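Thanks for coming. I will take one structure today and go through it piece by piece. Please have a look at it before I start.

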Amino acid sequence: MQSKPLGKMDPEARKKLIARLEKAALKIRKNLLTLCSQQVIHIGGDLSVADVMTVLWQYQIKYDPQNPKDETRDRFILSKGHAAAVTSFNQAAIGCYRDEDIFKEYAGDNGRFAMHSCNLINPHVEVSTGSLGHGLPVAAGVAQGLKLKGNTTSRVYVVMGDGEQSEGSMWEAILNSVHYKLGNLVGIVYCNKLGFDGTLQQITALGDIADKYRVFGWNVVEVDGHDIAAMVEAFDHLPPADFDKPTVLICHTVKGHGVDFMENQVKWHAGRLSPENRDEAIRQLEAAYQEKWGEA
Amino acid sequence: MGITQSFGDMVAVRDVAGKYISKLGEKNDKVVVVNADLSGTSRNKGFVEEFPDRSFNVGIAEQNLVSFSAGLAHEGFMPYAFTMAPFISMRACEQCRTDVAYGHLNVRLIGNYAGYSSGVSGATHCALEDCAIMGSMARMTVLEPGDPYQICKMLEATLTWDGPVYIRSGIEAIKPIYPEEYDYQIGKAIIAREGSDGAFICSGIVVQFALEAAERLEKETGAKIRVIDMHTIKPIDEMAVIEAAKTGRVIAAQDHNIIGGLGYYAAAVIAKSGLATQFKILGCPDHFVPIATAPYLFKVNEYDTDGLVKNMKEMLKK
């Protein structure tokens with residue numbers, strides 16, 4: 001079981017932690033771009049949630065890859081099912097599988113990895129998802145189930161997209177989670193402000209999503225979804241799992257983050273990279289990392 | 001079965017089910033009840049009062065009813081999700097399929113107001129499609145009790161049944177037809193009346209119509225017609241259908257759209273068997289009825305007692 005350091009971290013240790021996570025996020029992105037040169041993946045969304053997912057999986061979550069059914073684990077549900085690749089690579093980073101397994105099996109016959117994850121063939125997938133608007137409602141039931149069992153320490157993390165907030169079923173659960181005081185439920189909405197048909201502003205404007213959750217009674221935290229230190233901070237300050245309100249982290253992100261020809265480009269919602277584009281994208285990411293942290 | 005009954009009294013399945021769910025709650029502490037603002041309609045307020053910690057009401061939100069239940073099942077609970085059959089099978093169709101069936105979860109979806117039973121409420125409140133919809137979901141078991149007290153045996157069986165179950169029932173008070181204790185198994189049809197000159201394959205309220213029809217047919221023509229209570233629509237008892245086909249005259253009748261209902265499930269078995277038999281499906285025709293009472297609709301569509309007698313007599317002529 002990976003565990004977080006308890007109590008206040010000294011500044012030096014904290015700096016090291018952030019450096020480790022930055023490096024981990026770079027590796028996740030490189031893996032995604034490599035996979036994207038083999039297969040069509042939802043690269044735009046994957047890159048926009050890469051930092052969030054890295055902090056969640058490689059710092060925050062309580063999960064033992066050797067014991068995926070441990071009762072005391074945190075539950076993870078990917079409501080935005082097509083962010084499967086970025087989840088799988090993060091799970092690989094903590095030992096659920098090897099990166100090579102993903103490259104080899106992704107979208108293959110009887111492979112464990114694909115555009116959407118399935119718990120029938122992959123024990124590290126809590127709930128099979130893909131169709132949008134399902135993860136949060138199921139997560140609410142899981143959170144209630146944990147409470148009913150007297151588990152007051154596990155949390156249920158559910159990662160959602162901002163486009164997905166248009167699904168009516170989400171709002172049924174947003175309402176219900178407050179009614180049942182699901183303090184163990186932590187929603188993470190990563191807002192890249194783009195759908196498949198254009199900007200959300202053009203499609204059906206979402207307005208201020210943080211305000212909407214707040215009005216429904218959630219504990220709302222807004223954070224820059226590419227600021228790893230800020231996200232560590234936000235996770236560190238989550239209320240305890242037996243709190244009386246669900247929490248949502250609204251993470252502001254950029255679709256295609258880190259690659260200039262992909263950033264904020266609707267056409268890179270999903271796609272496949274040529275080897276040249278892949279190499280160029282990786283070069284850009286490494287250059288940006290080196291500028292900030294030195295040698296990659 | 002633990003429900004006070006005086007045999008012969010007409011009673012609705014939902015009344016019996018609503019009470020019996022409390023028994024299940026006593027027997028198994030993993031049993032939880034989830035409602036969507038229709039606990040009164042589903043008659044399970046007894047459970048809600050007795051087990052407040054294991055009762056949830058998500059409001060008028062059928063999608064969440066099913067997804068929330070799926071979440072509870074992921075944590076090892078056995079949720080019984082109650083609402084009207086049209087809403088659970090259609091409004092929450094994808095949740096039933098993706099959140100429950102895909103995960104092969106032990107969620108029990110209980111839909112009342114099946115068929116034309118809510119006729120006067122109009123087509124919005126009738127489920128004429130639910131067997132077709134639910135049955136096409138992989139490994140979803142589909143049940144419909146033919147006797148009001150059979151629901152107790154059904155619910156009891158769901159405690160140990162692996163995988164998702166959908167139970168449909170009409171809201172009419174129906175006559176108990178099994179006076180004595182009997183074995184009940186999901187997937188094993190019950191021969192409610194013996195006979196070898198023809199067979200009715202039916203479920204729900206139609207079972208009692210078929211029993212009355214078989215009795216009348218014997219009096220009027222001497223023909224002995226078998227009545228098969230096909231309480232498990234899926235997986236259908238193929239042997240019972242094949243044995244029925246061997247009589248040479250089969251009428252499959254259900255309060256459901258003819259398309260995709262019990263008759264279609266039976267027809268597939270007969271076609272596969274290669275047996276030659278007269279065969280007719282009775283049920284709701286392929287159009288909506290705005291408003292009418294259930295008995296009237298059963299009559300015009302000929303799956304009430306008179307209609308079953310008439311149709312079997314026609315077969316007996318051949």
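How many residues does the contact take from chain A and from chain B? The count is 20 residues from chain A and 20 residues from chain B. On the side of chain A that touches chain B, the elements that give two or more residues are α5 (135-148) and α6 (168-179) of chain A. Of the elements on that side, α5(A) gives the most, with 10 residues. By type, the chain A side divides into nine nonpolar, nine polar and two charged residues.

Before going further, a word on what this is. The model is predicted. For the complex, the predictor gives an ipTM of 0.94 and a pTM of 0.95. In chain B the mean pLDDT is 95, and 97% of the residues reach 70 or more.

Now chain A as a whole. Chain A holds 10 helices and five strands. Its C-alpha trace spans about 50 × 45 × 40 Å along the principal axes. Does that chain agree or disagree with a compact globule in its radius of gyration? For 296 residues, a compact globule would have a radius of gyration near 19 Å, and chain A has 18 Å, so the two agree. Of those 296 residues, 48% count as buried. If we take contacts in chain A between residues at least 6 apart in sequence, 77% of them join residues at least 24 apart.

Next, the core. In soluble globular proteins, nonpolar side chains tend to be buried together. Here the largest nonpolar core has 188 residues. Which residues have the most contacts inside it? They are A:L32, A:I188, B:F200, B:I201 and B:A210. Helix α2 (residues 43-60) of chain A gives the most to this core, with 10 residues. To take one member, B:I201, and leaving out residues up to four places away in sequence, its contacts include B:I228, B:M230, B:V241 and B:A244. B:I201 also touches B:V250, B:A252, B:L262 and B:A266.

Let us move to a helix in chain B. In α5 (residues 93-101) of chain B, the buried residues are B:Q95, B:C96, B:T98, B:D99, B:V100 and B:A101. What covers the buried residues of α5(B)? The cover includes α5 of chain A, the helix that gives the most to the chain A side of the contact. From chain B, the cover includes α3 (62-74), α4 (85-91), β5 (108-112) and α6 (130-135).

Last, some backbone details. The peptide bond from B:K234 to B:P235 is cis, with omega near 0 degrees. B:P235 lies in the loop between β12 (232-234) and α9 (238-245) of chain B.

Then there are two residues with positive phi. A:K181 is not a glycine, yet its phi is positive, about 50 degrees. A:K181 sits in the loop between α6 and β3 (185-191) of chain A. With 17 other C-beta atoms within 10 Å, A:K181 is partly exposed. In chain B, B:E302 is not a glycine either and has a positive phi of about 65 degrees. Where is B:E302 found? Its place is the loop between α11 (294-300) and α12 (305-317) of chain B. B:E302 has 17 other C-beta atoms within 10 Å, so it counts as partly exposed.

That is the end of my part.

How values were computed. Residues are numbered from 1 along each chain as its sequence is written. Chains are lettered from A and ligands numbered from 1 in the order in which they are written. This is a predicted model: local features need pLDDT of at least 70, side-chain atom pairs count only at pLDDT 80 or more; totals for chains, interfaces and linings use all residues. Two residues are in contact if their C-beta atoms, placed from the backbone, lie within 7 Å. Helices (H or I, at least four residues) and strands (E, at least two) are DSSP runs, numbered from the N terminus. Ala, Val, Leu, Ile, Met, Phe, Trp, Tyr, Cys and Pro count as nonpolar, Asp, Glu, Lys and Arg as charged, and the others, Gly among them, as polar. The radius of gyration is taken over C-alpha atoms; the globule rule is 2.2 Å times the number of residues to the power 0.38. A residue is buried if 20 or more other C-beta atoms lie within 10 Å of its own, exposed if 12 or fewer, and partly exposed in between; C-beta atoms are placed from the backbone. A nonpolar core is a set of buried Ala, Val, Leu, Ile, Met, Phe, Trp, Tyr and Cys residues joined through C-beta atoms within 7 Å. pLDDT is the predictor's confidence in each residue, from 0 to 100.
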